[in-house]
Each structure stands twice: as C-alpha cells, then as structure tokens.
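Please open the model in your viewer and keep the sequence panel beside it. The tour below moves from one selection to the next and says what is found at each stop.

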Amino acid sequence: MTTSVWALEKIRAVQERGSDSLILNARAGASLPEFPVEILQLTHLRALFLTGHKIRQIPPEMAQLANLQELSLSGNQLTAVPEAVLALPKLRTLNVRDNRL
C-alpha cells in the first residue's frame, strides 16, 4: 500500500525545510494503514508524532532515526514495540498508549 498524498506532502515539506519534527496525526477520513517508510529518510528528526492511525507494525529500519528524542505512536493498532525503537540512543519520550499492547 502506498502512503497517502497528504502524508507525503508533509514529509516532503519537512525534508525541504530541514525541520526536526514531523506531526502526522490522523484526521477525519485520512488515517494511515501502515507506517510511511518515506519517514525513514528523515534521519535528522528529533520528534515524530503518528497518532490515531491504523498502524500495526513499525519497521526495524526505524533504527535509522538515531536522533529521535520524542516518539508518539498512540492510538494505533500496535501489538508490540520493536527492539529498534527501544534501542534508539537519544529517545527520551515514547507514547504508545491506546494500542493493542
């Protein structure tokens, strides 16, 4: 499945501006069914918010986001938090509430 157009536009805007945070919260009729792999290119990110979607898995390649300090995955359909997330060296805040953990 491909990432929705609105999500791709936000990801591209973060790339172009060099912003260190990305907020992709679900909105009416627009939730992501899976983790947008395009995010993995944003290795400079310090904060990532993917709340209220239908994401079931986080790819192990998430380890590439070594600068990530804050990660919110609340309100998704995760059944586990991968080791790659728990091993992020700079991660200080992890929100996974309202999942299937």
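Which residues does T79 touch, not counting residues up to four places away in sequence? Select T79 in this predicted model, and display its contacts: with those neighbours left out, T79 touches R56, R100 and L101. T79 is found in the loop between strand 3 and helix 2, the latter covering residues 83–86. T79 counts as exposed because its relative accessibility is 57%, and the cut-off for exposed is over 50%. If you draw a line from the C-alpha of T79 to that of R56, it spans 6.8 Å, although the two residues are 23 apart in sequence.

Next, switch to a cartoon view of the whole protein, where you can look for 2 helices and 4 strands. Followed along the sequence, these elements give the pattern α-β-β-β-α-β. The radius of gyration is 12 Å, close to the 13 Å that the globule rule gives for 101 residues, so the protein is as compact as a globular protein of that length. Along the principal axes, the C-alpha atoms fill a box of roughly 30 × 30 × 20 Å.

Now colour the strands, which form an open sheet of 4 strands in the order 1-2-3-4, with parallel pairing. At its edges lie strand 1, residues 21–23, and strand 4, residues 93–95, each of which pairs on one side only. From one strand to the next, the twist averages 5°. To examine one pairing in detail, select residues 70–72, which make up strand 3, together with strand 4: the two pair in the parallel sense over 3 bridges. Within this pairing, E70 stands opposite T93 of strand 4.

Keep L50 selected and show what surrounds it: leaving aside neighbours within four places in sequence, L50 is in contact with L24, L32, F35, P36, I39, I55, S72, L73, S74 and N76.

Finally, show the surface of the whole protein, which exposes about 5700 Å², with carbon and sulfur atoms supplying 48% of that area. Of the 101 residues, 42% count as buried. Among contacts with a separation of 6 or more, 35% are accounted for by residues 24 or more positions apart.

Key:
Residues are numbered from 1 along each chain as its sequence is written. This is a predicted model: local features need pLDDT of at least 70, side-chain atom pairs count only at pLDDT 80 or more; totals for chains, interfaces and linings use all residues. Side-chain values use heavy atoms; hydrogens and water are left out. Two strands pair if DSSP finds at least two bridges between them. Axes are lines fitted to C-alpha atoms, for helices over the stretch in contact, and angles run from 0 to 180 degrees between N-to-C directions. The radius of gyration is taken over C-alpha atoms; the globule rule is 2.2 Å times the number of residues to the power 0.38. Buried means under 20% relative accessible area, exposed over 50%, partly exposed in between (1.4 Å probe, protein chains only). Contact means heavy atoms within 4.5 Å. Accessible areas come from the Shrake-Rupley method with a 1.4 Å probe; for residues, only the protein chains shown count as cover.
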